[in-house]
Amino acid sequence: MPFQQFRPAVVAASTMSFLLLGTAGVHAEEPAQARSAPDIAVTKVMRHLDALQKISDANNGNRAHGTTGYQASVDYVRAKLDGAGFTTSIQEFEFAGKKSWNLIADWPRGGDSGKVLMVGAHLDSVDTSPGINDNGSSVAAILETALTVSAKKVTPAQHLRFAFWGTEEETYIGSTHYVNTLPAAELSKITAYLNFDMIGSPNPGYFVYDQSPEIARHFDKYFTAKGIPTEPATALNGRSDHEPFLAKGVAVGGIFTGSAEIKTPEQAAKWGGTAGEAMDKCYHLACDTPANIDRGALDVNTDAVAAMVWKLGVRP
Ligand SMILES: [Zn+2]
């Protein structure tokens with residue numbers, strides 16, 4: 001079996017509350033560099049995408065629900081997080097007669113256990129694609145952000161929890177299962193859920209979720225400082241793992257670089273790229289490989305993920 005244990009995420013969460021009480025006093029040890037948001041090297045992010053492509057190649061060209069490719073993807077990400085000192089847990093569920101898993105990773109160092117910042121991305125692909133932009137791009141970005149939290153020995157103000165969802169491509173089954181089985185007391189601790197689903201599209205747009213004006217404002221400030229105009233991510237409404245959180249009244253935010261939507265001349269004028277072409281011409285296709293990634297977009301968006309984790313969770 002690929003997994004070491006099968007344990008509902010809620011058990012990990014309640015264990016965490018206990019453990020966190022004992023680490024409240026370590027803030028003084030925090031190194032100075034941990035206080036400012038990191039600049040994450042895109043080469044490190046690309047390494048995870050190459051690994052996910054290799055997993056796809058070895059498993060019939062995809063990492064979809066109910067496949068060995070999905071299991072291997074969970075194993076890959078979990079091993080990285082375990083190695084970095086995260087407390088990981090697997091939440092099992094079933095869909096269409098096949099088992100699947102959410103991977104939840106809690107950062108055990110510091111943080112107000114009553115305030116949880118959650119950051120998530122779906123880890124599955126469709127069965128016709130290796131799923132590197134959709135959604136390896138976001139998996140790699142939040143994974144590398146988590147590894148940076150560890151490398152910098154961050155003692156955050158809020159508890160940090162990273163989620164890698166199963167079975168999103170069948171209408172966000174995994175995240176819905178997580179939200180619906182989380183006790184109300186645990187759900188009420190989640191101060192915000194940040195979702196990432198396709199952030200390295202080859203003909204990229206820069207779209208910001210607009211459900212929470214406050215979180216959207218923080219993202220816009222980041223992109224404005226980089227000279228990048230944004231638009232609301234309305235094409236993603238009802239289409240990713242933020243939906244079940246939104247339905248329970250959790251503040252949600254995120255960014256998106258576009259899928260099959262056609263880039264307009266106005267968008268090409270402000271963002272570059274090719275007008276009249278899809279933002280991701282390989283959306284859900286076999287050509288969604290590392291070659292389908294715009295490294296510039298992935299670079300700026302990975303740093304946006306980290307900036308928002310720091311802004312909302314590490315030093316609000
Ligand atoms: Zn997706």
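Predicted model: local features only at pLDDT ≥ 70, side-chain atom pairs only at ≥ 80, totals over all residues.

Colleague: Which residues of helix 7 are called buried, and what makes them so?

Modeller: They are Ile-215, Ala-216, Phe-219, Tyr-222 and Phe-223. Buried means under 20% relative accessible area, and these residues of helix 7 count as buried. Seen down the helix axis, the buried residues fall within an arc of 120 degrees, so they line one face. Here is a handy rule: an α-helix has 3.6 residues a turn, so residues three or four places apart point the same way.

Colleague: What covers that buried side of helix 7, and what sits on the face turned away?

Modeller: The cover includes strand 5, strand 6, strand 8 and helix 10. The face turned away carries the exposed residues Pro-213, Arg-217, Lys-221, Thr-224 and Ala-225. Just after the helix, Gly-227 takes a positive phi of about 75 degrees.

Colleague: Why is the pair of Tyr-193 and Phe-245 called stacked?

Modeller: Two values decide. Ring centres must lie within 6.5 Å to pair, and for Tyr-193 and Phe-245 the distance is 4.0 Å centre to centre. Planes under 30 degrees apart count as stacked; here the angle is 10 degrees, so the pair is stacked. The pair links distant parts of the chain, with Tyr-193 in strand 5 and Phe-245 in helix 8, 52 residues apart. Both residues are buried.

Colleague: What makes you say that the charged end of Lys-270 sits over the ring of Trp-271?

Modeller: One part of the test is a distance within 6 Å of the ring centre, and the charged end of Lys-270 is 4.9 Å from that of Trp-271. Trp-271 also belongs to an aromatic cluster, with Tyr-222 and Phe-223 among the other members.

Colleague: Last one: which residues coordinate the zinc ion, and how do you know they are donors?

Modeller: His-122, Asp-134 and Asp-197 coordinate the zinc ion at 2.0 to 2.1 Å. The limit for a donor atom here is 2.8 Å, so these residues qualify. In sequence their spacing is H-x11-D-x62-D. His-122 lies in strand 3 and Asp-197 in the loop between strand 5 and strand 6, so this pair ties together parts 75 residues apart in sequence.

Methods. Residues numbered from 1 in each chain as written. Heavy atoms only, no water. Donors = N, O, S within 2.8 Å, 3.2 Å for Na, K, Ca; no water. Helix = DSSP H or I, 4+ residues; strand = E, 2+ residues; numbered from the N terminus. Phe/Tyr/Trp six-rings, centres within 6.5 Å; stacked < 30°, edge-to-face > 60°. Buried < 20%, exposed > 50% of the residue type's maximum accessible area, 1.4 Å probe, protein only. Lys NZ or Arg CZ within 6 Å of the ring centre and 35° of its normal. Arc of directions from axis to C-beta. Contact = heavy atoms within 4.5 Å.
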